[in-house]
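Q: I would like to go through this model and ask what each label rests on.
A: Go ahead; the structure comes next.

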2 protein chains.
Amino acid sequence: MLNPLSESTVCGRPLAECLQMIEAFHGFQAPGLVLGMYMVDWAKGLIGPEVEADAVVETRHCLPDAVQLFTPCTVGNGWLKIVDWDKYALTLYDRRERSGHRVWLDLEKARSFPKLHNWFMRQVPKQELPLEELLPVILAAGRKVLSARAVVLTDLYRRCKKAGINICPSCGEAFAARYGERCAACRGDGYCSPAGRILG
Amino acid sequence: MLNPLSESTVCGRPLAECLQMIEAFHGFQAPGLVLGMYMVDWAKGLIGPEVEADAVVETRHCLPDAVQLFTPCTVGNGWLKIVDWDKYALTLYDRRERSGHRVWLDLEKARSFPKLHNWFMRQVPKQELPLEELLPVILAAGRKVLSARAVVLTDLYRRCKKAGINICPSCGEAFAARYGERCAACRGDGYCSPAGRILG
């Protein structure tokens, strides 16, 4: 059995340090994020250190945090884009060349690691597969359950620029001009109602 | 003039440490993220330390990273939700009580800090307002350009559960079952094309 805190280096850091970073950022050593760490590691290796890569992640769950932790791409700086497909895959790419590498969880390969496969396919309740049992399997699997392929980007390769803003005549706040005259909240599409006076 | 690296504490840490965290995660000390740090700081103070708050952020630009850095909420763990309105506002809330506090950039207050106001409203080209000129203004402004209000959540307060997954008969990968029989990429809505053989 592989010692999970062995000397191995992932994403340019000692594995133990990566696992600490995951816990500090995400709240716990989420199995999907640990797997995502290996996905980022491979994609980074394929694209090479000289490219300042942008990223696309194909699920909202866990995987965006692997990219945010182990590459310079974040949601807030716009270098990471997320498509909400629930596919466990990511692409690092050179936005000028529109070329990159996609890495994904390969279900066929995952069959060699039944606990990992069953966890990913949600075939066992969480209580029956505790983290201390699943995590060593993921650490042992690493790239062995992944596949990768060079790709050419046909969409999403442009960085999003901030568009024009309007000031909403109802709330007085700035908002994306594409929404029209009033902001989404004042048009009734908000997610909250005031419950007290304005402070400050 | 306030010394930006003075003894002040923001989000429970020395200001200098916060600024270092911003640079390490986001790539540089983005003005919007520094302002966002003060927004998170205030929202955290209002909701109190005993609540493990979830978050909604009302823009994709910069602000999500302030929440991800200075609260336990991340995109990948699902505690942070983003609505793409380009409103510079965030809400921290107790998801059981559905109550929280919204903090926003108050344009009226921002008028007292013309450089900040002009930057935010994009009324000056970036080259004319370099970071070393804008950042001290934002550090001096802090909460003085913000407003806050108690709110009740009427939407977005539920944590998203992963839904069912199918295996795509074309690519063999798992994907969100709500997309139907084939995954979005194999239906033609993908963002990249293969440019080499499968590795691994």
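Q: What rotation superposes chain A on chain B, and with how much shift along its axis?
A: This is a predicted model. In it, a rotation of 180 degrees brings chain A onto chain B, with 0.0 Å of shift along the axis and an RMSD of 0.0 Å. The two copies are thus related as by a two-fold rotation axis.

Q: Which residue of chain A comes closest to the rotation axis?
A: That is A:Val75, whose C-alpha lies 4.1 Å from the axis.

Q: How do you know that the copies meet through the same surface?
A: Of the interface residues of chain A, 100% are also interface residues in chain B, so the surface is the same on both copies. The contact takes 70 residues from chain A and 70 residues from chain B. The area buried between the two chains is about 6300 Å², with 59% of it from carbon and sulfur atoms.

Q: What makes B:Asp84 and A:Arg178 a salt bridge?
A: The N to O distance between their side chains is 3.2 Å. The rule asks for a side-chain nitrogen of Lys or Arg within 4 Å of a carboxyl oxygen of Asp or Glu, so the pair qualifies. Side chains of opposite charge can pair when their charged atoms come close. Across the interface of chain A and chain B the rule finds 6 salt bridges. There are also 37 residue pairs in polar contact across this interface, both residues being at pLDDT 80 or more.

Q: Which element gives the largest share of the side of chain A that touches chain B?
A: Strand β7 of chain A (residues 146-153) does, with 7 residues. By class, that side of chain A has 39 nonpolar, 15 polar and 16 charged residues.

Q: Why is the pair A:Arg143 and A:Asp41 called a salt bridge?
A: Their closest N and O atoms are 3.3 Å apart, and the limit is 4 Å, so the label applies. The pair links distant parts of the chain, 102 residues apart. A:Arg143 is in the loop between α6 (131-141) and β7 of chain A, and A:Asp41 is in helix α2 (residues 31-47) of chain A. Over all chains the count comes to 24 salt bridges.

Q: Where is A:Pro169 found, and what is it in contact with beyond its neighbours within four places in sequence?
A: A:Pro169 is in the loop between β8 (165-167) and β9 (174-176) of chain A. Leaving those neighbours aside, A:Pro169 is in contact with A:Glu181 and A:Arg182. The C-alpha atoms of A:Pro169 and A:Arg182 are separated by 6.6 Å, while the residues are 13 apart along the chain.

Q: Which domains does the assignment give for chain A?
A: It gives domain 1 (9-152) and domain 2 (162-200). Their C-alpha centres in chain A lie 36 Å apart.

Methods. Residues are numbered from 1 along each chain as its sequence is written. Chains are lettered from A and ligands numbered from 1 in the order in which they are written. Side-chain values use heavy atoms; hydrogens and water are left out. Copies are superposed by least squares on the C-alpha atoms of residues with pLDDT of at least 70 in both. Contact means heavy atoms within 4.5 Å. Domain bounds come from an automatic or database domain assignment. Buried area is the accessible area (1.4 Å probe) that two parts lose on being put together, summed over both. A polar contact is a pair of N or O atoms within 3.5 Å; within protein, one must be able to donate a hydrogen and the other to accept it, and residues adjacent in sequence count only if both atoms are side-chain atoms. Helices (H or I, at least four residues) and strands (E, at least two) are DSSP runs, numbered from the N terminus. Ala, Val, Leu, Ile, Met, Phe, Trp, Tyr, Cys and Pro count as nonpolar, Asp, Glu, Lys and Arg as charged, and the others, Gly among them, as polar.
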